[in-house]
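I opened a new notebook page for this protein today. Below is what I looked up, in the order I went.

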Amino acid sequence: MTFETEFHFTLPRGYVDDTGMLHREGIMRLANAADEILPLRDPRVQQNPSYLTIILLARVIVRLGSLPAVDTKIVEKLFTMDLAYLQDLYQRVNSMEAPVYRGICPHCGEEVEVPINFLEAGQ
């Protein structure tokens, strides 16, 4: 089993650059702590908290089509459908999967997986 840090995607609509070229294929990497913390200092985020999404995506999208780089200006120009797609992808790849305990049911003998919820443990 390998640990994935980059995720390929295809935008539903695609980004159209200044020459009219369409860019749909890309790669998003896993976010790190700096990706989530540093944009909070940005004046654009302090003036408009919704801008956090733009900066986050610009930091974690490592490739989009044949563009040399992805920055906030490019993310700002994405179609709404593509922005929503990327927000969903970001949430899915960066959310922690709930750990599970694997065991054998004492009644039927089948292997079972029981989710472990650390937030509710001990309550």
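Helices (H or I, at least four residues) and strands (E, at least two) are DSSP runs, numbered from the N terminus. I'm working with a predicted model, where local features need pLDDT of at least 70, side-chain atom pairs count only at pLDDT 80 or more, and totals for chains, interfaces and linings use all residues. Residues are numbered from 1 along each chain as its sequence is written, and side-chain values use heavy atoms, with hydrogens and water left out.

**Entry 1: the overall layout.** I found five helices and five strands. From the N terminus on, they run β-β-α-α-α-β-α-α-β-β. I also noted that 30% of the 123 residues count as buried; buried means under 20% relative accessible area, exposed over 50%, and partly exposed in between (1.4 Å probe, protein chains only).

**Entry 2: helix H3.** Is H3, residues 51–60, mostly covered or mostly open? It's mostly covered, with seven of its 10 residues buried. I listed them as Tyr-51, Ile-54, Ile-55, Leu-56, Leu-57, Ala-58 and Val-60. They pack against strands E2 (22–29) and E3 (61–64), and against helices H1 (33–37), H2 (43–47), H4 (72–76) and H5 (80–94).

**Entry 3: the core.** A nonpolar core is a set of buried Ala, Val, Leu, Ile, Met, Phe, Trp, Tyr and Cys residues joined through side-chain atoms within 4.5 Å. The largest one here has 25 residues, and Leu-57 and Met-28 are among those with the most contacts inside it. H3 gives the largest share of this core, seven residues. I then checked Leu-57: leaving out residues up to four places away in sequence, it touches Met-28, Val-75, Leu-83, Leu-86, Gln-87 and Tyr-90.

Entry 4: Two strands pair if DSSP finds at least two bridges between them. E1 and E2 pair in the antiparallel sense over seven bridges, and three bridges join E2 to E3, also antiparallel. Which residue in E2 is the bridge partner of Phe-7? It's Met-28, and the bridge partner of Met-28 in E3 is Ile-61. In the hairpin of E1 and E2, with five residues between the strands, I spotted Gly-20 with a positive phi near 95°.

How values were computed:
Contact = heavy atoms within 4.5 Å.
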